[in-house]
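I opened the notebook to record what I looked up in this structure, going from a whole chain to the pair of chains and then to single places.

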Protein chains: 2
Amino acid sequence: MGTDSAELRQPVMADVAKLAGVSHQTVSRVLNGAPHVRPDTRDRVLAAIRELDYRPNSAARALVTKRSQTLGVVSFDSTLYGPASMLDGIEQAARSAGYFVSVASLRSLDSRSVQEAVDRLRDQGVEGVVVIAPQISAVSAVAKLSSSVPVVAVGSGNQARVPMVSVDNQAGAAAATRHLLDLGHRTVHHLGGPSGWLESQDRQAGWRQTLEAAGAQAPEVHSGDWSARSGYQAGLRLAEDPEVSAVFCANDHMALGLLRALHEAGRSIPGDISVVGFDDIHEAAYFTPPLTTVRQDFGELGRRALGLLVDAVAGVGHAREHVLISAELVLRRSSGPFATRR
Amino acid sequence: MGTDSAELRQPVMADVAKLAGVSHQTVSRVLNGAPHVRPDTRDRVLAAIRELDYRPNSAARALVTKRSQTLGVVSFDSTLYGPASMLDGIEQAARSAGYFVSVASLRSLDSRSVQEAVDRLRDQGVEGVVVIAPQISAVSAVAKLSSSVPVVAVGSGNQARVPMVSVDNQAGAAAATRHLLDLGHRTVHHLGGPSGWLESQDRQAGWRQTLEAAGAQAPEVHSGDWSARSGYQAGLRLAEDPEVSAVFCANDHMALGLLRALHEAGRSIPGDISVVGFDDIHEAAYFTPPLTTVRQDFGELGRRALGLLVDAVAGVGHAREHVLISAELVLRRSSGPFATRR
DNA sequence: GTACGGTCTGTGAGCGTGAACAAGAAGTAC
DNA sequence: GTACTTCTTGTTCACGCTCACAGACCGTAC
């Protein structure tokens, strides 16, 4: 009946305008901080906004400005510590840059799946996408679609054709390996990550190059899937080889499984075997024994990636930018000097 | 200068319509699966869509339908295993329900912060919100704002005034405690989570009630902040008390720190002290020794929460629904029979 | 007095889509 | 043949906002 039943629907700009006794355009100007609005007019508008609890309709704004204020994140397994931390860093940075964050997680690794996820985000109207998917397949898939919307990858490697932020895995692995060699070990075994992951490749490359540079022979690589379980299984095999005195694991979770297996096999750590991990997850300092590892700051990784993306969306920044973040060796008790045994 | 430079801007529905020789409304009908479209017309439209690589403008659609197809997730520390897994489950479920997911993570715990996060999501036009924030303060804050947009909480406790999905923490804690009592321990010590968390409260309640029901005396509670570090510190204190023979930890990470501290103090596990955790994180089976713990399925939690939210958005479902998911005790080597010592 | 520049505000159009309505074509029943 | 229903398509409008433009007002300079 009455035209005043304003509670029934969300207030719109016109309602605010009427209440403040101005035109909708003036309300818009106040909202967007446009110049040339008289202070008392501005105050009346703001008061009306507060009174009605008015909130601008983002769809209407997006329709006319063609900007959704939303960035997308494609992530592979956001259950893992690394991806989860990066997502966290990305969200933080996006918020302070005034963007919303929409996520799409991958269920499988094939490039079609990446394609689908990015398409989904595009359909939603995101202005740019961060891909947390350090698989080779993913990165190459991403490179193809970077035409329609800016894409930034966070991961590893440098063969990507999109801007990228990554930890210097190779240098980190080299530092870990050199540390073990410096302790007197004749060589260092490697428990690598799954093939197809850039991080696996880079860490393995850092390890191998360091051994070669030192004139040490590189033993056969054992591979896991990042999980503690796979580290345990590899550990059982490594424990059978009396020559093994030092192992560099591609991540901390596998190192945990490895420690467990070596312990069960009666090997003392670091007395018999030294172990070094990668990541420095929060728990690493409380493993038995505390794990020497390579620290990488996932949150920083995410923030930097988002920074790059924001630049790309704004049209600033170079297309092939590649930010490399250094990793730091953290010494703990799981690594010790080589001791002659038996 | 030609009007045919179609590459310059994204194609819109009218472009598809012109190419297919129909009106834009027919294109709309095809897109939305409306009835009464002749098969060959439909095919022509679909062909035109493919040829132009047309994608509907989601802002325009949202403007007219008043539906953004987006759900929001408020999360506290998505770096932790639990929240990260729930987020993953939520995203999966949202995708299959046809929704996008937008995240907002909290930097601090106060209810103003929760309010802000939810406001942010509302400004973006989300149709509903899942709050992963098992703090008492958060839940009460959420209850207030559930008026404007449907909200579902995932966490613990039952005092909430919004629909909620949670693990039966109390029963899980009771099972863990009973298990230790059954092993012959006279009582069970408790390393609790931070106060203010519903999960801390519920797990502590389950522990306490079980002890009381068994006629055992409940020792003073030690509290941590969920981290391995805090578990380690509590472990150092507990190790000083020769009466301690069994400890129930409110999560696995603290249990890890506790194991470390007890090990350093020369206590054997489970010989001297039995330890039980909560969560069953992937690593728990590879602790030294493998950890007896209470398994909860975070992914399932997230999926169920999203299911509830979708119902709420659709107007189905009861306002005060509370889904309780059971937790399961997983026996490993860290718990064993009480042995008289010294 | 007129002219001009700056400040402030309002009007109208249009963004791309879905919904309501209208209208033509085709088939069925009498 | 007409009347009626069902299928199929098109036209017009509205969603809520920003942008371009126009106009009103004020002060100052000539």
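**Chain A as a whole**

I looked up burial first: 54% of the 342 residues of chain A count as buried, where buried means under 20% relative accessible area, exposed over 50% and partly exposed in between, with a 1.4 Å probe and protein chains only. I note that this is a predicted model, in which local features need pLDDT of at least 70 and side-chain atom pairs count only at pLDDT 80 or more, while totals for chains, interfaces and linings use all residues. Residues are numbered from 1 along each chain as its sequence is written, chains are lettered from A and ligands numbered from 1 in the order in which they are written, and side-chain values use heavy atoms, with hydrogens and water left out.

I found 12 helices and 12 strands in chain A; helices (H or I, at least four residues) and strands (E, at least two) are DSSP runs, numbered from the N terminus. The C-alpha trace of chain A spans about 95 × 40 × 35 Å along its principal axes. Its radius of gyration is 27 Å, whereas a compact globule of 342 residues would have one near 20 Å; the radius is taken over C-alpha atoms, and the globule rule is 2.2 Å times the number of residues to the power 0.38.

I then turned to contacts, meaning heavy atoms within 4.5 Å. Of the contacts in chain A with a separation of 6 or more, 72% are between residues 24 or more positions apart.

**The two chains**

I laid chain B on chain A and noted an RMSD of 0.1 Å, with a turn of 180 degrees and a shift of 0.0 Å along the axis; copies are superposed by least squares on the C-alpha atoms of residues with pLDDT of at least 70 in both. That is the relation of a two-fold axis. The same surface serves both copies, as 100% of the contact residues of chain B recur in chain A.

**Helix α2 of chain B**

After α2(B) comes B:Gly33, with a positive phi near 65 degrees.

**A:Ser334**

Is A:Ser334 buried or exposed? I found A:Ser334 buried, with a relative accessible area of 0%, in the segment after β12 (328-330) of chain A. Leaving out residues up to four places away in sequence, A:Ser334 touches several residues, among them A:Ile269, A:Pro270, A:Pro289 and A:Leu291.
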